[in-house]
Amino acid sequence: MLALEEMAAQFRADPNKEYRVLVGFEWELLLFERESLQPLGYAGERGLGAVLAYVAERQGGQIVPGSPPNKLPLPDGGQISIEPGGQFEFSSAPSPTFSGCMSQLRAFEEVVADVCQRFDLHAFYGGANPVHSVDDIGLVVPNERYGIMNDYFPRVGKLGRKMMRQTTSVQVTFDYRDREIGTELFRTCLHLAPLAAALFARSPYIDGEDTGYRSFRGPIWADTDPSRCGLLPGFERPDYTFVDYVGHVVDAPMFFVQTEDGVVDPQGMT
């Protein structure tokens, strides 16, 4: 059995590699039918499967096989994917500069504008679907992984299915040269996350009603899975390290285990 320190060693940079500090991001949005403002399913001439196939032809990528296929690696190292509630997500290629990230974002926005014109769609850039319920949306990508998550979340919280279907997000990944810098970045991001949520909150409406929150994504995530959501215990300590983080992670029940026979529900095993 691996010790926590051995697991945390995975967070070190490889000393044999020439190392560059890079930044990457993920950006999710929603696509609705323009006239009806109904959410898109996967199938059909205007479904998300057709949208992904069009983007693959436009950008010169090859969709990864799946059930259903929902990932499109891009020639420049980025990726476009369809998330469980139909969220249309762009994952950037790692970039050494902010301007490099922004140029990728602008290129993705051009793709979205083209898709909306071709399929007569409306792009929604808010933090959560404001009008369509969990039942309205359904599980758009019913693959093994999302099916297990869909069954798991109601056992540990009340709003996990809302997270899967209704929320969108922007996620940022920061690289680092050594674990000390990585730990400082990690703790800094955890301190800044509530401020960022307050500054850029854009999800007051859920299920067609005003929730009274500037961002209802916060309450949704707070009641999704207490073992893996929210601020990490003890992160505010100056001596907090990746070992503490790994200790928290290994105590969380697993969603699934990948075996030779496919994805298996571990039934609460950590």
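**Exercise 1. Determine which residues of α2 meet which residues of α3, and classify the contact.**

*Solution.* Step 1. On the α2 side, Ala-50, Val-51, Tyr-54, Val-55, Arg-58 and Gln-59 meet Glu-110, Val-111, Asp-114, Val-115, Arg-118 and Phe-119 of α3, where contact means heavy atoms within 4.5 Å. Step 2. The residues of this contact divide into seven nonpolar, one polar and four charged; Ala, Val, Leu, Ile, Met, Phe, Trp, Tyr, Cys and Pro count as nonpolar, Asp, Glu, Lys and Arg as charged, and the others, Gly among them, as polar.

The model is predicted: local features need pLDDT of at least 70, side-chain atom pairs count only at pLDDT 80 or more, and totals for chains, interfaces and linings use all residues. Residues are numbered from 1 along each chain as its sequence is written, and side-chain values use heavy atoms, with hydrogens and water left out.

**Exercise 2. State at what angle α2 and α3 pack.**

*Solution.* Step 1. Helix α2 (residues 48-59) and helix α3 (residues 98-119) are DSSP runs (H or I, at least four residues). Step 2. Their axes, lines fitted to C-alpha atoms over the stretch in contact, lie 11 Å apart at an angle of about 125°, on a scale from 0 to 180 degrees between N-to-C directions. Step 3. α2 is therefore oblique to α3, given that angles under 35 degrees count as roughly parallel, over 145 as roughly antiparallel, 65 to 115 as roughly perpendicular and the rest as oblique.

**Exercise 3. Identify the residues that line the largest cavity.**

*Solution.* Step 1. A cavity is a set of points on a 1 Å grid over the protein atoms alone where a 1.4 Å probe fits but cannot get out, and lining residues have an atom within 4 Å of a point. Step 2. The lining comprises Leu-30, Leu-31, Phe-32, Pro-39, Leu-40, Leu-48, Gly-85, Gly-86 and Asn-129. Step 3. By class, six are nonpolar, three polar and none charged.

Methods: Helices (H or I, at least four residues) and strands (E, at least two) are DSSP runs, numbered from the N terminus. On a 1 Å grid over the protein atoms alone, a cavity is a set of points where a 1.4 Å probe fits but cannot get out, and a pocket is an open set with protein on both sides within 12 Å along at least five of seven lines; lining residues have an atom within 4 Å of a point.
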